[in-house]
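Please look over the sequence and the model first, and then read the points below by topic.

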Amino acid sequence: MKILVPIKRVIDYAIKIRVDPTKGPLGVQTKNVKMSMNPFCEIAIEEAIRLKETLVKSTKKKDAAEVVAVSIGPKQCSETIRTALAMGADRGIHEQ
C-alpha cells in the first residue's frame with residue numbers, strides 16, 4: 001500500500017509576516033523569510049507513518065506500506081521534502 005502525502009512549503013508560523021508595500025495589502029514579503037513545512041502537513045506525515053507502522057505490524061511484512069511525500073513548487077521545496085524524509089517518509093517526489 002502506498003500512502004501519498006502532499007506537503008506544502010509556507011512561511012514559518014513563528015515568524016511575523018510583513019506586507020510588501022509594492023504589492024499592496026495582499027502582497028506578503030517573502031525575501032529573507034524563513035520557510036518551513038506547513039504544520040498541518042507535518043501532522044499528516046506523522047499520521048501516515050503511524051498508519052504504515054500499524055500495517056507492518058498487522059501483516060508482518062516490512063514492505064507492507066510506503067509513505068511518499070509529494071510537493072509542487074520551486075527548487076526550494078526540496079528542503080521541505082528532506083524534512084519529510086527525516087520524519088520517516090520513504091520517498092519524496094518534487095514536481096517543478
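Which residues have the most contacts inside the largest nonpolar core? They are Ile 3, Val 5, Ile 7, Ile 45, Val 67, Ala 69 and Ala 84, and this core has 14 residues. The structure is a predicted model, in which local features need pLDDT of at least 70 and side-chain atom pairs count only at pLDDT 80 or more, while totals for chains, interfaces and linings use all residues. Residues are numbered from 1 along each chain as its sequence is written, and side-chain values use heavy atoms, with hydrogens and water left out.

**Overall form**

- The protein contains two helices and five strands (DSSP runs numbered from the N terminus, with helices being H or I of at least four residues and strands being E of at least two).
- Along the sequence, these elements follow the pattern β-β-β-α-β-α-β.
- The radius of gyration is 16 Å, whereas a compact globule of 96 residues would have a value near 12 Å (taken over C-alpha atoms, the globule rule being 2.2 Å times the number of residues to the power 0.38).
- Along the principal axes, the C-alpha atoms fill a box of roughly 55 × 25 × 20 Å.
- Of the 96 residues, 29% are buried (buried means under 20% relative accessible area, exposed over 50%, and partly exposed in between, with a 1.4 Å probe and protein chains only).

**The sheet and its helices**

- An open sheet is formed by three strands in the order β1-β4-β5, with parallel pairing (two strands pair if DSSP finds at least two bridges between them).
- Its edge strands are β1 and β5 (91-95), each of which pairs on one side only.
- From one strand to the next, the twist averages 25° (axes are lines fitted to C-alpha atoms, for helices over the stretch in contact, and angles run from 0 to 180 degrees between N-to-C directions).
- Five bridges join β1 to β4; the partner of Lys 2 in β4 is Glu 66, and that of Val 5 is Ala 69.
- Helix α1 lies across β1 and β4 and runs at about 170° to β1, while α2 lies across β4 and β5 and runs at about 165° to β5.

**The nonpolar core**

- A nonpolar core is a set of buried Ala, Val, Leu, Ile, Met, Phe, Trp, Tyr and Cys residues joined through side-chain atoms within 4.5 Å.
- In the largest core, which has 14 residues, at least two residues come from each of β1 (2-6), α1 (39-59), β4 (66-72) and α2 (77-87).
- The largest share of this core, four residues, is supplied by α1.
- Ile 45 touches Val 5, Ile 7, Ala 69, Ala 84 and Met 87, leaving out residues up to four places away in sequence (contact means heavy atoms within 4.5 Å).

**Two loop positions**

- Asp 12 is found in the loop between β2 (9-11) and β3 (35-37).
- Asp 12 is buried, with a relative accessible area of 9%, and it is in contact with Lys 34, Met 35 and Ser 36, leaving aside neighbours within four places in sequence.
- Gly 73 is placed in the loop between β4 and α2.
- Gly 73 and Glu 95 are 22 residues apart in sequence, and their C-alpha atoms are 6.5 Å apart in space.
- Gly 73 touches His 94, Glu 95 and Gln 96, not counting residues up to four places away in sequence.
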